[in-house]
Amino acid sequence: FVSNINVAASGVSVIVSNAASSNQVYKLNSLMASNTTGSTANITVKIFNAAAGAGSSVSIATTVTVPTASTLAVIGKDTPLYIEENRSIGAIAGTASAIDIVASYEVIS
């Protein structure tokens with residue numbers, strides 16, 4: 001599966017959400033953050049202990065600079081992340097509409 005979003009500057013933009021009682025685990029293979037603007041932009045990516053970007057969070061990447069017109073691999077195939085039931089991954093951009101995120105993941109039943 002592929003998830004793609006444009007990250008908001010306020011609040012959390014949910015990238016991948018695994019609902020409670022889904023009976024599935026998601027294997028996040030890659031998460032790419034692309035700066036679509038003419039100036040540097042920051043991105044923060046977090047894993048939440050509830051679906052839909054709710055609950056408490058732990059940072060995967062905090063205020064990482066993505067250079068102008070560049071792409072940053074936040075998660076790569078060599079460092080996959082497993083998202084259990086009732087967990088989610090979300091992002092916050094330092095500048096509104098500056099970062100696009102594309103995530104590739106597998107659903108394991």
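Four strands, in the order β2-β8-β4-β5, make up an open sheet with antiparallel pairing. Strands β2 and β5 are at its edges, each with a single partner strand, so one side of each has no neighbour in the sheet. From one strand to the next the twist averages 15°. The model is predicted. Two serines, S13 in β2 and S59 in β5, are described below.

- Strand β2 covers residues 13–18, and S13 lies within it.
- β2 pairs with strand β8 (residues 87–93) in the antiparallel sense, over five bridges.
- In this pairing, V14 is opposite G90 in β8.
- S13 has a relative accessible area of 11%, and because buried means under 20%, S13 counts as buried.
- Leaving out residues up to four places away in sequence, S13 touches I5, N6, V7 and A8, as well as I89, G90 and A91.

- Strand β5 covers residues 57–66, and S59 lies within it.
- S59 has a relative accessibility of 36% and therefore counts as partly exposed, the class between under 20% and over 50%.
- Leaving out residues up to four places away in sequence, S59 touches T44, V45 and K46.
- A polar contact of 3.2 Å links the side chain of S59 to the side chain of T62.
- The C-alpha atoms of S59 and F48 are 8.9 Å apart in space, with the two residues 11 apart in sequence.

Technical notes: Residues numbered from 1 in each chain as written. Predicted model: local features only at pLDDT ≥ 70, side-chain atom pairs only at ≥ 80, totals over all residues. Heavy atoms only, no water. Buried < 20%, exposed > 50% of the residue type's maximum accessible area, 1.4 Å probe, protein only. Contact = heavy atoms within 4.5 Å. Polar contact = N/O pair within 3.5 Å; in protein donor to acceptor, adjacent residues only side chain to side chain. Pairing = 2+ DSSP bridges. Axes fitted to C-alpha atoms, helices over the stretch in contact; angles between N-to-C directions.
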